Amino acid sequence: MDIGHFIRDFVVVLLAGTVSGVICRLWSVSLLAGYLVVGALIGHGGLGLVGQPGHELELIAEAGALLLLFSVGIEFSIDDLVKLRRFFLVGGACQMILIAVPLTMVARWFGMSPAAALLAGTAGAFSSTILVFRALAEERQAASPHGRRALAVLLFQDAALIPLLLLVPLMTGDAPFPAWNDGLLLVGKTAAFILAVAILHRFMTELAAAWLASLRSVEIVVLITLALLGGLSWTAHRLELPPAIGAFAAGLVLSGNRLSKQIDAIILPFRETFAAVFFVTLGMLLQPSAVVSEPLLLAAGVVGMVILKTVGTAIALRLVGLSWQGAFGMALGLSQLGEFSFLLVSRGVNAGIISDLDYNRMLFIAVVTLVATPVMLRYGLKWAQSAGGTNGRRNVLSVSKATRAMVVGIGPIGAQVASRLETEGIEVTLVDLSPVNLHAFAQDGFTVHAGDARDPEVLASAGIVGCDLAVVCVPSDTVALDIVRTMRRVNASMPIVVRCRFQSISAKLIRSGATAVVSEEREAAGPLMEQCARFLGSGN
């Protein structure tokens, strides 16, 4: 493919992804489903605007897959894993087994090879981490009993993706499991790679992160992040491991330090752009004619998938303590196929394990479940919440059992507020754009998050859903207004106290959701007049 054809195809894919993204936002449909559908529309099986993806376009799509795995790695929290270990081990493992085993048996009954059936069955067990987490945060149910168990199941799925990706290159024959000698070699290479990643993580957390923060250079952070991502992906490839494992490892190396949230925010535009190309190109492999030729089979597949995933997940959630109503409600919200289902299946297609016909069937079923996800999540979460007889806020308090506050903006005022709250026995989380401002507080044991508090994902990751109080101390009134609006969307009932400079902005802050506003203009007038009176009095 010459450069002209590549640029044309690339622009067509980007424009198609943009149009589908706008439509999906307006119709409240999953972006992932939109990318897949528009890919089928512009592909050679549809309008033919883009033929078979060329090598260059495939490389960009592969970069999207690597960035998705990198994001999973950098957000993977060992602390969360320890807190949710029972839900993770019991609920996650049972959910995967109860869904993957029946799906594998059905795939074998339809004539798929053992390796293809195993890959399809395990891919079907994955749910959409992004869609479910966002819905739980918006409904203020992430810290509820069903929310915590659902997040543990999703965390298990993310962890299970890595060994499954390792097995894909070995599933090239008719046997469902690799040969013993290949398996032992794979274990040895993987162990050496894990050891190297653990050493790099220790080095980054204890030494390099502080040094990078002291440089105060976004450019250097971006370059080091991309170099580490590329270097570990290349190292995994040289060890005959999937490059996706290297991308996940790069995320792990950079996780759990003061720069993690900032790095994730910096990489976000790259990830979203390349991921859009990845999913659109996956959709281009869909053959609409194959879908039309077997409508009854595919309709039965959609219904069967939703029923199986709902029942299997409900049983797993019931085993970790949810009531049947809460378990079925949350399970309905997890009954879609996730973004990593496509990543796993695409690896099977590229390796020649899964046929184009079977891929078309799975892709159609996945797209329909994703389109239906908003409705299933809305009713499922409502059903699960009513099972406990409490609203999201009371659930949060019953889980944390300690008053929690978030302070945004760690200048002189924010630092004093945070210290005072901490002396009152309140658990305080600090959010600031600058990791440098947060460093001293992190050393003192505060929970800190570097990022833009106007971003709902930053607030969600900082735990805004579980907070009982928020204090906004940023120096810009315009930024404070945006932060209050975002906070109110994520947590509708939490008191928000705001510091602002000008009295004229106070009414607007109250209308946007602030509970109380302290204006510097108004507060400064009183002390100034007291000082004036003192000097005037001394003159008499």
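Here are a few notes on how the inside of this predicted model is packed.

1. Some housekeeping: residues are numbered from 1 along each chain as its sequence is written, and side-chain values use heavy atoms, with hydrogens and water left out. As the model is predicted, local features need pLDDT of at least 70 and side-chain atom pairs count only at pLDDT 80 or more, while totals for chains, interfaces and linings use all residues.

2. Buried here means under 20% relative accessible area, with a 1.4 Å probe and protein chains only. This core has 107 residues, and Leu 69, Phe 279, Phe 342, Leu 344 and Ile 354 touch the most other members. Beyond its neighbours within four places in sequence, Leu 69 is in contact (heavy atoms within 4.5 Å) with residues including Leu 161, Ala 244, Phe 248 and Phe 340. There's also a second, separate core of 26 residues, with Met 406 and Cys 500 among them.

3. Nine of its eleven residues are buried, so α6 is largely enclosed by the rest of the structure. Among them are Ala 115, Leu 119 and Thr 122. The buried residues of α6 pack against α5, α8, α14, α16 and α17.

4. Finally, which residues of α10 meet α11? They are Leu 228, Leu 229, Leu 232, Ser 233, Ala 236 and His 237.

Methods: A nonpolar core is a set of buried Ala, Val, Leu, Ile, Met, Phe, Trp, Tyr and Cys residues joined through side-chain atoms within 4.5 Å. Buried means under 20% relative accessible area, exposed over 50%, partly exposed in between (1.4 Å probe, protein chains only). Helices (H or I, at least four residues) and strands (E, at least two) are DSSP runs, numbered from the N terminus.
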